[in-house]
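Look over the sequence and the structure below. The report that follows takes the main features one by one.

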Amino acid sequence: MSWQPEIDEIERRRAIARQMGEPERVARHHADGKLTIRERIDGLIDPDSFHEIGSISGSVEYDEAGERVRYTPSQFIFGRARIDGRPVVVGGNDFTIGPRGQDPGGSEKSAYLERMAGQLGLPLVRLIDGVGGNVRTIERLGRTYIPNNPGFNTLLENLNRAPVVALGLGIVAGYNVVKLATSHYSMMVRERSFMFMAGPPVVARLGQTVTKEELGGADLQARAGNVDDVVDSEEEAFERTRRFLSYLPASVDELPPRAACDDPVTRREDWLISAIPRDRRKVYDARKVAKAHFDKDSFFEIGRQFGGSLITAFARLDGWPVAVMVSNPHIYGGGWTADTSEKAMRFVDLANLFHLPLVNLVDVPGFVIGVEAEKAGTIRAGCRAMAAVSQAQGPACTIILRKCFGVAGGAHADHAKLQYRYAWPSGDWGSMPMEGGIEAAYRADIAAAADPAARLKEIEDNLNQLRSPLRTAEHFMIEEIIDPRATREVLCEFANFAAKLRKTGPMSVGIRP
Amino acid sequence: MAQQVVRSELAANVWKVEVAVGDKVEVDDTLMIFESMKMEIPVAAPCAGVVAAIDVEEGQSVAEGQIVAILER
């Protein structure tokens with residue numbers, strides 16, 4: 001007598017589990033424009049690479065003879081898989097199955113997923129589509145409880161251990177908002193996913209009558225910085241997840257993998273010599289200017305809708321993955337707001353954690369100033385960003401494209417370290433920009449002149465000669481001024497040096513001010 | 001005809017308005033120019049269409065996220 005009957009029963013239960021919820025619920029889920037949890041996993045990972053764990057867990061009713069009469073699969077599905085041939089762990093809840101109360105192993109499965117990612121040191125992808133608890137839980141439990149934020153310590157450990165991507169694919173509410181936000185990279189699907197601490201019926205009690213979109217739509221949450229990016233479809237979210245992970249090591253104990261590169265290191269783009277307008281009041285397309293230096297099609301922007309005066313991206317140089325910061329003059333002239341500072345802090349920490357060398361393309365006129373900027377907490381946020389830059393252990397290279405003014409300009413690097421730095425001939429720097437400051441500084445001088453306008457012009461012309469970056473270079477206060485067309489070459493040289501300086505291991509930073 | 005709202009991506013002063021209601025615009029055409037941090041910041045048309053409304057005047061300040069124009073596609 002073999003164990004075949006048990007194996008057959010396991011296979012039958014697996015077959016039922018693969019059907020997920022009742023057919024009407026699956027149909028309604030599809031009609032809402034959403035994929036099922038199993039379609040999501042298949043859409044994300046390499047074909048046939050899913051190794052499910054807890055595949056027959058669920059809720060079973062037996063008759064008096066011990067025969068199964070009803071089997072409701074678990075509402076949490078997870079396992080190991082591969083993305084681009086590299087191991088990952090992936091899991092998420094099944095919105096087509098009833099409430100968690102009827103799933104005895106569901107909570108433990110989602111906790112196991114988190115522990116597995118951390119203890120195996122593997123990238124984790126959370127597929128989130130579910131609401132948190134409601135007050136009916138009290139009736140079911142027959143008691144209430146003190147909130148203990150289950151497993152938050154594990155989420156936090158994972159955040160310091162291996163890449164975590166979280167996708168909000170439906171309604172993300174209750175504790176699930178923590179799982180979406182406590183990640184290195186999060187996305188929501190436009191018009192399909194919603195994220196809020198408390199939903200429309202609850203906030204209606206505050207007198208706020210709003211739709212799900214108005215309360216927690218994808219674009220709203222990305223602009224608020226609660227998630228990193230918005231996509232138009234789940235497939236796009238899976239594609240971007242694969243791409244994000246391709247730049248990163250499996251965990252802090254490994255180094256980011258080099259990719260093949262057929263883009264010549266010596267490639268020069270002629271238009272770069274005139275990319276920066278000579279008129280200092282004019283802006284330029286920072287994304288176009290930045291992309292020109294990196295391996296073809298390797299520029300992967302992250303967090304476009306938040307802190308827009310700074311563009312953050314992963315990219316490659318001669319195949320080596322790097323983290324890139326680029327000033328965007330179209331937003332506040334590239335000036336840093338509180339949001340920009342927070343974005344910079346998180347991004348520099350991310351680069352530091354996963355041993356990505358940092359490339360900083362700088363055009364910063366300073367912190368954005370004024371009453372609103374003071375009220376927004378720009379100073380505290382700015383200090384936190386500067387702390388992140390100073391605490392980052394990995395190699396960094398700065399290219400000053402144009403402006404570098406004030407404290408925010410000074411935040412382009414840790415000045416206690418060797419400055420691996422270049423400037424373009426458009427470089428323009430100092431403690432504060434000259435425009436508008438001349439009349440104040442030379443008021444008496446100008447007023448005493450026979451022709452004040454001519455005197456102002458004379459002062460301006462003189463100061464404009466002094467602000468030439470060549471004069472700074474004479475004093476070796478900028479290491480080297482380069483032809484913008486040579487930028488790719490010097491950055492690739494940097495990436496090859498930096499590759500050997502990268503060190504594995506966890507990040508050790510102090511607290512932020 | 002679908003309406004496309006144009007919002008300001010930053011707090012700024014409106015320096016110049018370059019189009020009028022009824023003008024036809026192409027994608028990326030400059031609708032107006034803001035001034036912020038001593039820079040001229042163009043506001044580009046997010047799509048081709050006809051200018052249905054201009055909600056700002058030269059010299060006024062705008063807040064981040066404020067609607068500054070409406071296009072009809």
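## Overall build of chain A

Chain A has 21 helices and 17 strands. Helices here are DSSP runs of H or I with at least four residues, strands are runs of E with at least two, and both are numbered from the N terminus. The C-alpha trace of chain A spans about 110 × 55 × 40 Å along its principal axes. Of the 513 residues in chain A, 50% are buried. Buried means under 20% relative accessible area, exposed means over 50%, and partly exposed is in between (1.4 Å probe, protein chains only).

A contact means heavy atoms within 4.5 Å.

## How to read the model

This is a predicted model, in which local features need pLDDT of at least 70 and side-chain atom pairs count only at pLDDT 80 or more, while totals for chains, interfaces and linings use all residues. Residues are numbered from 1 along each chain as its sequence is written, chains are lettered from A and ligands numbered from 1 in the order in which they are written, and side-chain values use heavy atoms, with hydrogens and water left out.

## Salt bridges

Over all chains, the count comes to 39 salt bridges. The rule asks for a side-chain nitrogen of Lys or Arg within 4 Å of a carboxyl oxygen of Asp or Glu. One of these joins Asp229(A) and Arg240(A), whose closest N and O atoms are 3.4 Å apart. Asp229(A) lies in strand 10 (residues 229–231) and Arg240(A) in helix 11 (residues 234–246), so the pair ties together parts of chain A that are 11 residues apart in sequence. Both Asp229(A) and Arg240(A) are buried.

Arg467(A) pairs with Asp428(A) in another salt bridge, with the closest N and O atoms 2.8 Å apart. This pair links distant parts of the chain, 39 residues apart. Arg467(A) sits in the loop between helix 19 (452–466) and helix 20 (469–474), and Asp428(A) sits in strand 17 (residues 428–430). Arg467(A) and Asp428(A) are both buried.

Salt bridges can also join up. Asp263(A), Arg267(A), Glu269(A), Asp295(A) and Arg488(A) are linked in a network of them. Within it, the closest N and O atoms of Arg267(A) and Glu269(A) are 2.7 Å apart. Glu269(A) counts as partly exposed because its relative accessibility is 23%.

Lys179(A) is in helix 7 (residues 176–181). Leaving out residues up to four places away in sequence, Lys179(A) touches Ser110(A), Arg126(A), Ile128(A), Leu155(A) and Ala166(A).

Arg13(A) is in helix 1 (residues 4–19). Arg13(A) counts as buried because its relative accessibility is 12%. Its side chain makes a polar contact with the side chain of Glu9(A), at 2.8 Å. A polar contact is a pair of N or O atoms within 3.5 Å; within protein, one must be able to donate a hydrogen and the other to accept it, and residues adjacent in sequence count only if both atoms are side-chain atoms. With residues up to four places away left out, Arg13(A) touches Ile56(A), Val60(A), Tyr62(A), Arg68(A) and Tyr71(A).

## Where chains A and B meet

In the interface, 18 residues of chain A are in contact with 13 residues of chain B. The two chains bury about 1400 Å² between them, 54% of it on carbon and sulfur atoms. Buried area is the accessible area (1.4 Å probe) that two parts lose on being put together, summed over both.

Three salt bridges are counted between chain A and chain B. One of them joins Glu40(B) and Arg281(A), with the closest N and O atoms 2.8 Å apart.

## A loop in chain B

Most residues other than glycine have a negative phi. Met37(B) has a positive phi, near 50 degrees. Phi of Lys38(B) is also positive, near 65 degrees. Met37(B) lies in the loop between strand 4 (30–36) and strand 5 (39–44) of chain B, and Lys38(B) is in the loop between strand 4 and strand 5 too. Lys38(B) is partly exposed, with a relative accessible area of 40%.
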